Amino acid sequence: MQDSIKIAVDAMGGDNAPFEIVKGAVDAANARKDIQILLIGRQNAVEQELQKYSYPAERITVVNAEEVIETAEPPVMAIRKKKQSSIVVGMNMVKQKEADAFVSAGSSGAILVGGQVIVGRIKGIERPPLAPLIPTEKGVSLLIDCGANVDARSSHLVQFARMGSIYMEHVVGISNPKVAIVNIGAEEEKGNALVKETFPLLKECKDINFTGSIEAREIPHGEADVIVCEAFTGNVILKLYEGLSSTLLGVVKKGLMSTLRSKIGALMIKPALKKTMKSFDATAYGGAPLLGLKGLVVKTHGSSKAVEIKNAIIQCVTFKEQEINEKIKQNIINSDKGEE
């Protein structure tokens, strides 16, 4: 297919590989006719999983990669030594334009290192951030950064804001997205040294809709479309978000099943409750792209099930169609000219 988008998928990465990864890839191929999937991993294991499903054989190809980078391995050493690992093979396919995107639930460290060392950063990008979509009362927000740059500088956060704004406008479809920086109060003078240094720089950015600070409690309400922070803060927000969501769901279920009356009530509200809970399911929004690279790399949770892999693959189609990398590149060029 001439117009199809090629997506390389790490079949060996994550806690549920290869069975959930392969199922997600099959589901994506069955859902979209405009994608070709390159499943990278140990050929025998991947092909054995594929035999369980019906799918368009011409749109799923197995690419053999005998090595696997484990989560506990030092990322830099693993990328250098395991040239035949699924992560390195997939990254090289993106670099060599043999694939339009790479999706993996594997080692976060290896993906971050491989993205920068193998795929490479867009010229002018200081640090590529991980940027997942998180559910909110008003839809979704982009949390940037959530794990790539723990010790970021103010100039990094300004670039995060610009890239996040481009992503939300062109991938999610939010016109003039609101950008806010995570802080411990709404006042401009509050925050740590990094926030205080970054705040005035964001105010000066003419190409983003900066609305000021956002406190953590306002994030679930959707008060900002792009939530800017360094990776330590972002990762804490993301993990608390996920843990609280699952805990609340468990408590609600337990309460509804506690008495005969509550069980009867549960049957009556089940359709509405199911719809509401689905809107707050983070897996529905795919993975976290590593923005600012020369090619598209998407990281999904290590515990990803098939639905998240499927959605991450489909997410890549919009990213490619909207030429997000080109828009980021142009934005950086324009901002550099403005500083001259």
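Q: Is Lys190 buried, partly exposed or exposed in this structure?
A: Lys190 is partly exposed, its relative accessible area being 35%. The model is a predicted one.

Q: Which residue does Lys190 form a salt bridge with?
A: The general idea is that side chains of opposite charge can pair when their charged atoms come close. Here the partner of Lys190 is Glu187, with the closest N and O atoms 3.7 Å apart. That distance falls within the 4 Å cut-off for a salt bridge. Glu187 is itself partly exposed, at 36% relative accessibility.

Q: How many salt bridges are counted by this rule?
A: The count is 11 salt bridges. One of them joins Lys82 and Glu73, where the closest N and O atoms are 2.8 Å apart. Glu73 has a relative accessible area of 22%, so Glu73 is read as partly exposed.

Q: Which side chain meets that of Lys138 in a salt bridge?
A: Lys138 meets Glu223, at 3.6 Å from N to O. Lys138 sits in the loop between strand S5 (133-136) and strand S6 (139-144), while Glu223 sits in the loop between strand S8 (209-214) and strand S9 (226-228); the pair therefore ties together parts 85 residues apart in sequence. As for accessibility, Lys138 is exposed, with a relative accessible area of 57%, and Glu223 is partly exposed, at 34%.

Q: What is the order of the strands in the open sheet of 5 strands?
A: The order is S5-S6-S9-S7-S8, and the pairing is mixed. S5 and S8 are the edge strands; each has a single partner strand, so one side of each has no neighbour in the sheet. On average, neighbouring strands of this sheet are turned by 30° against each other, direction ignored.

Q: How many bridges join S6 to S9?
A: S6 and S9 run parallel and are joined by 3 bridges. Leu142 has Val226 in S9 as its bridge partner.

Q: Which helix lies across S5, S6 and strand S7 (178-182)?
A: Helix H8 (residues 231-256) does, and H8 runs at about 50° to S5.

Q: In what sense do strand S1 (residues 5-10) and S2 pair?
A: The pairing of S1 and S2 is parallel and extends over 6 bridges. Opposite Gln36 in S2 stands Lys6.

Q: Are the residues of strand S4 (residues 101-104) buried or exposed?
A: The residues of S4 are buried on both faces: Ala101 and Val103 lie on one side, Phe102 and Ser104 on the other.

Q: In what sense do S1 and S4 pair?
A: S1 and S4 pair in the parallel sense over 3 bridges, and Ala8 stands opposite Phe102 in S4. S4 also runs parallel to strand S11 (residues 296-299), to which 4 bridges join S4. The bridge partner of Phe102 in S11 is Val297.

Q: At what angle do helix H4 (residues 86-95) and helix H5 (residues 108-119) pack?
A: The angle between H4 and H5 is about 35°, and their axes are 10 Å apart. The crossing is right-handed.

Q: Which residues in H4 meet those in H5?
A: From H4 they are Ile87, Val88, Met91, Asn92, Val94 and Lys95; from H5, they are Ala110, Ile111, Gly114, Gly115, Ile118 and Val119. Of the residues in this contact of H4 with H5, 8 are nonpolar, 3 are polar and 1 is charged.

Q: How many of the residues of H4 are buried?
A: In H4, 8 of its 10 residues are buried, and the helix is mostly covered. The buried residues are Ser86, Ile87, Val88, Val89, Gly90, Met91, Met93 and Val94.

Q: Which residue with a positive phi follows H4?
A: Lys97 follows H4, and its phi is near 65°.

Terms used: Residues are numbered from 1 along each chain as its sequence is written. This is a predicted model: local features need pLDDT of at least 70, side-chain atom pairs count only at pLDDT 80 or more; totals for chains, interfaces and linings use all residues. Side-chain values use heavy atoms; hydrogens and water are left out. Buried means under 20% relative accessible area, exposed over 50%, partly exposed in between (1.4 Å probe, protein chains only). Helices (H or I, at least four residues) and strands (E, at least two) are DSSP runs, numbered from the N terminus. Axes are lines fitted to C-alpha atoms, for helices over the stretch in contact, and angles run from 0 to 180 degrees between N-to-C directions. A crossing is left-handed if the near helix is turned anticlockwise from the far one by less than a right angle, and right-handed if clockwise. Contact means heavy atoms within 4.5 Å. Ala, Val, Leu, Ile, Met, Phe, Trp, Tyr, Cys and Pro count as nonpolar, Asp, Glu, Lys and Arg as charged, and the others, Gly among them, as polar. Two strands pair if DSSP finds at least two bridges between them.
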